Amino acid sequence: MAMPARLAEIVEEFADLPAELRLEALLDYSRRVPPLPERLAGHRDAMEQVPECQTPFFLATELGEDDRVAIYFDAPPEAPTTRGFAGILSEGLNGATAAEVLAVPNGFYTALGLDRVISPLRLRGISAILGRLKRQVGVQVEARLAGPAATA
Amino acid sequence: MTTAAELDPAPKLGEYAHPERLVTTAWLADHLDDPNLVVAESDEDVLLYETGHIPGAVKIDWHLDLNDPVERDYVSGEGFARLMSSKGISRDTTIVFYGDNFNWWAAYALWVSTLFGHPDVRLLDGGRQAWVAEGRPLTTEVPRRPATDYPVVERDDATIRAFREQVLEHVRGGGRLVDVRSPGEYSGELLAMPDYPQEGALRGGHIPGAANVPWKRAANEDGTFKSAEELRAIYEGELGLTADDDIVAYCRIGERSSHTWFVLSHLLGYPRVRNYDGSWVEWGNSVRVPIERSSEPGPDPRLKAVG
């Protein structure tokens, strides 16, 4: 599977854990979602909502000059599972190149081995987050390829 | 044998048909050390318990603990006995369920426990939300209760549970149905939204004849149940339901409708209420079952040849 190195490490880390410790690991990642930068904090209209998550969940991505992707998540503390997904994607994908992000397999999360501890309906949340994240990055890449004439 | 916990004498509860099925946060705070009472947290978010729970509470996970891991069904009598035993619950233990999101999953866990006839099951009025809002204590310490010898009790699927074929009969006979999903799911609009792969069903709409009362209407903003009078205004005043009706409630997979089942059975005291846990994920995927795709209950199903 083509995955950025850090995301591949995280997946391996989960897969190596006994099933009963995987929830704890997810809880750990839920605490690792970086706070929003000032320009986004309190500005949910500047972010995209992920309605599949059932709890208010927002994401934003920025494509840097160096072609690397910055990802921002806003998820409430009373939704630790969704925050855990955000923590995994945040740590696993922040700073990866646009091409690397777009190449992450949509079903990468099955390798986390969470299906025995979290319902399949819930797990689709992480897939929805990744899908929207990739779409945002794809739109930004296309806009850049189209050149300044198209974005001016 | 120890005796079950006493009842919560709060006046609000006395207005309901079965006040013995609810406890208030204040009462629970005073009874956490009752020897034969176990508090059980059941959440939509399966990590919430780990972030902090009511002192002494055990976790019951709807997905892992109550569902069969392979078939779409609940655990067997043996499985339920194993679960109860591992949580330190005896057949005569009072179980007080609570959880996030307006007790959505707590009501579901209570309903499943009722399939196995556990005698004394109660809900915490207001659930996790009220307990937290009142600044009551939480802990991350997981209690260790000694395993019990819980009997194997065969699940009763006939009294409070309905299956698809029975619901078809119910529709044919013009029986009362309550669809507790959101108005968009009820009318079928939500399936048609582009780019939003909604889980579950190939067809949108509702079971013909079903009235739409979203489950959360039974709750106040603070998570507690509405008063008996307010509930009667909704279910008796608006829908015209009575204690004589044979009622089937459903939602998407039967969890939200457990909440409405609790309201109709225990708070309003209707004796014949069943939860159709197959719900829309089954109905909306079934071949040759009637569907009404509008925001109205639909034509009298008895006028149509059905199924």
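These legends walk through several close-up views of a predicted model.

**View 1. Where chain B meets chain A.**
Here we look at the place where the two chains touch. Chain B brings 20 residues to the contact, and chain A brings 22. Together the chains bury about 1,600 Å², and 59% of that is on carbon and sulfur atoms. How many salt bridges does the rule find across the interface of chain B and chain A? The count is zero. What the rule does find across this interface is two residue pairs in polar contact, both at pLDDT 80 or more. On the side of chain B that touches chain A, the elements giving two or more residues are α3 (48-51) and α4 (62-66) of chain B. Sort the residues on that side of chain B by kind and you get nine nonpolar, three polar and eight charged.

**View 2. Helix α2 of chain A and what covers it.**
Now zoom in on residues 19-30 of chain A, which make up helix α2. This helix has twelve residues and reaches 18 Å from its first C-alpha to its last, close to the 16 Å expected at 1.5 Å a residue. Its buried residues are Ala19(A), Arg22(A), Leu23(A), Ala25(A), Leu26(A), Leu27(A), Tyr29(A) and Ser30(A). What covers the buried residues of α2(A)? The cover includes α1 (5-16) and α3 (80-93) from chain A, along with α3 and β3 (58-59) from chain B.

**View 3. A salt-bridge network in chain A.**
Side chains of opposite charge can pair when their charged atoms come close. In this view, a network of salt bridges links Arg6(A), Glu9(A), Asp28(A), Arg32(A) and Glu91(A). Counting over all chains, the structure holds 25 salt bridges.

The side chains of Arg128(B) and Glu41(B) meet in a salt bridge, at 2.7 Å from N to O. Arg128(B) sits in helix α7 (residues 127-133) of chain B and Glu41(B) in strand β2 (residues 37-41) of chain B, so this pair ties together parts that are 87 residues apart in sequence. Are the two partners buried or exposed? Arg128(B) is buried, with a relative accessible area of 10%, and Glu41(B) is buried too, with a value of 1%.

**View 4. Arg161(B) and Asp277(B), a pair between two loops.**
Arg161(B) makes a salt bridge with Asp277(B), and their closest N and O atoms are 2.7 Å apart. Arg161(B) belongs to the loop between α7 and α8 (164-172) of chain B, while Asp277(B) belongs to the loop between β9 (273-275) and α12 (279-283) of chain B, so the pair ties together parts that are 116 residues apart in sequence. Arg161(B) is buried at a relative accessible area of 2%, and Asp277(B) counts as buried at 8%.

**View 5. Arg181(B) and Asp179(B), a buried pair.**
This salt bridge joins Arg181(B) to Asp179(B), with the closest N and O atoms 2.8 Å apart. Arg181(B) is buried, with a relative accessible area of 3%. Asp179(B) is buried as well, and its relative accessible area is 0%.

Most residues other than glycine have a negative phi. Asn101(B) is not a glycine, yet its phi is positive, at about 50 degrees. You'll find Asn101(B) in helix α6 (residues 100-115) of chain B, where it is partly exposed, with a relative accessible area of 26%. Ser279(B) isn't a glycine either, and its phi is also positive, at about 50 degrees. Ser279(B) is part of helix α12 of chain B. Is Ser279(B) buried or exposed? With 0% relative accessibility, Ser279(B) counts as buried.

**View 6. His118(B) and its surroundings.**
Last up is His118(B), which is in the loop between α6 and β5 (121-124) of chain B. At 3% relative accessibility, His118(B) counts as buried. Which residues does His118(B) touch, not counting residues up to four places away in sequence? The list is Ile89(B), Ser90(B), Arg91(B), Thr93(B), Ile95(B), Ser113(B) and Tyr150(B). With Tyr150(B) there is also a polar contact of 2.7 Å that joins its side chain to that of His118(B).

Note on methods
Residues numbered from 1 in each chain as written. Chains lettered and ligands numbered in written order. Predicted model: local features only at pLDDT ≥ 70, side-chain atom pairs only at ≥ 80, totals over all residues. Heavy atoms only, no water. Contact = heavy atoms within 4.5 Å. Buried area = accessible area lost by both parts, 1.4 Å probe. Salt bridge = Lys/Arg side-chain N within 4 Å of Asp/Glu carboxyl O. Polar contact = N/O pair within 3.5 Å; in protein donor to acceptor, adjacent residues only side chain to side chain. Helix = DSSP H or I, 4+ residues; strand = E, 2+ residues; numbered from the N terminus. Nonpolar A, V, L, I, M, F, W, Y, C, P; charged D, E, K, R; others polar. Expected span 1.5 Å × (residues − 1). Buried < 20%, exposed > 50% of the residue type's maximum accessible area, 1.4 Å probe, protein only.
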